[in-house]
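Subject: Structure handover

Hello,

My notes come after it.

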Amino acid sequence: VTAGQTVVVFLTRQSTIELFVNRLDSVESVLPYEYTAFDFCAVEAEKRPSENLGQVLFGERIEPSPYKFTFKKSEKCQLVCNKKYNTNLPTDKTYMDFLKKGMLLNYQHHWIVDNMPVTWCYDVEDGQKFCNPGFPIGCYVTEGGQPKDACVVNSDFSEKDTFYIFNHVDITIHYHVVETGELGARLVAAKMEPRSYKHTNADAPDCQGGPMFIKNKDSGDMKIPYTYSIAFVEDKKIRWASRWDYILESMPHTNIQWFSIMNSLVIVLFLSGMVAMIMLRTLHKDIARYNQMDSVEDAQEEFGWKLVHGDVFRPPRKGMLLSVFLGSGTQIFIMTFVTLFFACLGFLSPANRGALMTCAVVLWVLLGTPAGYVAARFYKSFGGEKWKTNVLLTAFLCPGVVFADFFLMNLILWWEGSSAAMPFGTLVAILALWFCISVPLTFIGAYFGFKRTQGIEHPVRTNQIPRQIPEQSFYTKPLPGIVMGGILPFGCIFIQLFFILNSIWSHQMYYMFGFLFLVFIILVITCSEATILLCYFHLCAEDYHWQWRSFLTSGFTAVYFLVYAIHYFLSKLQITGLASTILYFGYTMIMTLIFFLFTGTIGFFACFWFVTKIYSVVKVD
């Protein structure tokens with residue numbers, strides 16, 4: 001029975017069921033640690049399951065454990081090992097202090113059987129059950145007698161300034177007997193209850209006596225026995241194909257997701273109505289009126305957006321940077337679309353550990369060609385001639401900023417001894433993917449983009465002398481429009497954002513990719529429509545600098561994302577410590593940059609299409 005892959009395993013009476021252990025993590029710290037860092041019972045010289053790139057990037061470290069069971073053989077209070085500590089010895093004191101720190105910060109075990117998480121199911125409000133794919137090391141009762149975290153579940157945990165360790169687990173494995181085809185059974189659920197026993201005799205445990213506790217100020221010799229009980233239950237209701245459902249059903253809340261979707265759809269319908277009204281009524285009238293003007297006198301009385309036809313395709317300032325952003329944004333957009341599409345089809349479910357991240361990274365690497373092509377085409381249309389600089393910036397600017405941030409975060413993780421620290425070999429592999437595959441593909445895309453002799457054709461000629469832009473009212477100035485433009489797209493996604501941040505920082509499983517794909521489509525529509533709307537108002541006010549404004553209008557959604565991430569950190573998380581705080585904001589800045597490029601590119605392309613369309617149907621003398 002393996003840890004890292006989903007296979008149909010037929011269990012017979014002689015089958016050995018192996019339990020694997022993963023990294024330990026906490027909602028109060030961003031730093032995960034390997035199982036062995038806490039000096040739990042470990043198994044020597046067994047080969048670790050191989051991990052894919054996504055698992056390594058998320059800090060998963062799966063390793064074998066000494067917990068091994070025989071199918072259908074129930075056992076009671078079996079000793080796994082005794083851990084002895086003498087706090088007068090520096091090594092033992094370090095291990096004991098680290099164990100206490102783990103209990104204080106509510107670090108959670110994550111165990112795996114047949115690629116299924118071993119879950120701790122308990123009752124929550126309204127008679128519902130919540131199945132947690134982890135369970136705590138232990139808990140702490142403060143000097144004031146206040147029980148923290150899991151200490152509230154047992155009234156015996158009452159000693160002041162004391163740590164209680166969960167040194168015993170009652171494991172129940174549910175199986176489904178296969179009645180057709182190959183005979184045997186399939187494992188459909190693994191549940192457990194953490195318990196704390198001092199045991200009358202640590203060398204021959206009996207699961208009796210009070211809870212196992214460690215006084216905060218205790219010193220000298222200490223002994224912690226680790227034990228388990230195992231039971232097997234036949235379950236005819238759960239089928240192997242739906243064995244994850246009992247975990248996912250207890251996760252947060254599908255009805256909130258539907259509320260989020262309905263909320264987003266209302267915004268989309270409102271915007272669509274506005275855009276349709278402009279396109280069908282106002283624009284139709286404008287175009288008809290402009291095309292009926294025959295005389296020179298009429299032409300001199302032009303007004304509205306037709307006035308700026310000779311300047312609307314004037315190359316923007318900082319065209320190099322805009323084209324590079326558009327190239328990187330196109331790469332991110334296609335990567336996100338394809339990843340979410342595959343996730344909707346079920347290829348990237350939680351059962352395929354690390355598959356989502358692996359898919360995203362591989363797609364990003366392979367999509368260097370569209371990035372180079374889009375950047376080159378637009379840079380050429382902006383009249384740029386420094387094509388070498390453009391190609392190099394497209395290949396290295398945005399990926400380089402992300403990698404530099406990621407590398408600094410990795411140094412902090414390495415310094416703290418966290419399991420999430422990227423091994424040197426993996427860093428080299430990521431750099432190799434970037435330099436040996438992504439960069440050459442970007443160069444190829446840029447080559448085809450620059451080689452095309454025919455640039456992007458504009459429907460109107462650009463005048464040699466720039467037109468003076470009249471004094472703008474407050475709401476048509478750049479900054480108010482940009483700030484307003486990001487509100488509606490953010491309103492469509494903020495509820496979904498809560499669940500995504502929960503899955504990243506509160507270690508909850510995310511599986512509602514159907515909802516997420518729907519929200520993705522709604523976000524693309526909302527960004528496009530909001531940008532087109534504001535673009536039309538600015539053109540009517542005779543302000544033709546639409547290129548950067550359209551990019552920043554949609555891109556400003558990322559600023560609202562950053563504000564929400566800060567609010568989430570302050571109100572929802574209990575993260576403590578400088579290193580964890582730096583890591584949270586370091587990774588948030590990476591997400592903000594990616595989201596900025598993604599939404600900005602959507603806004604620019606929507607506005608580019610709109611401007612090209614309206615000026616192509618107007619007769620210009």
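This is a predicted model: local features need pLDDT of at least 70, side-chain atom pairs count only at pLDDT 80 or more; totals for chains, interfaces and linings use all residues.

Residues are numbered from 1 along each chain as its sequence is written, and side-chain values use heavy atoms, with hydrogens and water left out.

Aromatic residues

A search of the whole structure gives 65 aromatic pairs. Rings of Phe, Tyr and Trp (the six-membered ring of Trp) count as a pair if their centres lie within 6.5 Å; planes under 30 degrees apart are stacked, over 60 edge-to-face, and the rest tilted. One aromatic cluster is formed by Phe333, Phe337, Phe341, Phe342, Phe347, Phe517, Phe520, Phe561, Phe595 and Phe598.

Two or more residues of the nonpolar patch come from each of helix 6 (319–344) and helix 13 (513–540). Helix 6 contributes the most, with 3 residues. Leu345 sits in the loop between helix 6 and helix 7 (355–366). Helices (H or I, at least four residues) and strands (E, at least two) are DSSP runs, numbered from the N terminus.

Helix 13 has 28 residues and spans 40 Å from its first C-alpha to its last, close to the 40 Å expected at 1.5 Å a residue. That expected span is 1.5 Å times one less than the number of residues. Buried means under 20% relative accessible area and exposed over 50%, with partly exposed in between (1.4 Å probe, protein chains only). Just after helix 13, Glu542 has a positive phi of about 65°.

Arg314 is in the loop between helix 5 (296–300) and helix 6. Arg314 is buried, at a relative accessible area of 16%. Its side chain makes a polar contact of 2.6 Å with that of Asp311. A polar contact is a pair of N or O atoms within 3.5 Å; within protein, one must be able to donate a hydrogen and the other to accept it, and residues adjacent in sequence count only if both atoms are side-chain atoms.

Salt bridges

There are 11 salt bridges in the structure. The criterion is a side-chain nitrogen of Lys or Arg within 4 Å of a carboxyl oxygen of Asp or Glu.

- Asp170 and Arg195 are bridged, with their closest N and O atoms 2.6 Å apart. The pair links distant parts of the chain, 25 residues apart: Asp170 is in strand 14 (residues 168–178) and Arg195 in strand 15. Asp170 is partly exposed at 22% relative accessibility, and Arg195 is partly exposed at 32%.
- Asp25 and Arg23 form a salt bridge of 3.3 Å, N to O. Asp25 is buried at 5% relative accessibility, and Arg23 is buried at 13%.
- Asp543 and Arg549 form a salt bridge of 2.5 Å, N to O. Asp543 and Arg549 are both buried.

Backbone angles

Most residues other than glycine have a negative phi. His199 has a positive phi, near 65°, and so does Cys207, near 55°. His199 is in the loop between strand 15 (184–195) and strand 16 (213–215), and Cys207 is in the loop between strand 15 and strand 16. His199 is buried at 7% relative accessible area, and Cys207 is buried at 15%.

Glu18 is in strand 1 (residues 16–21) and is buried, at 18% relative accessibility. Glu18 and Asp114 are 96 residues apart in sequence, with their C-alpha atoms 7.8 Å apart in space.

Regards
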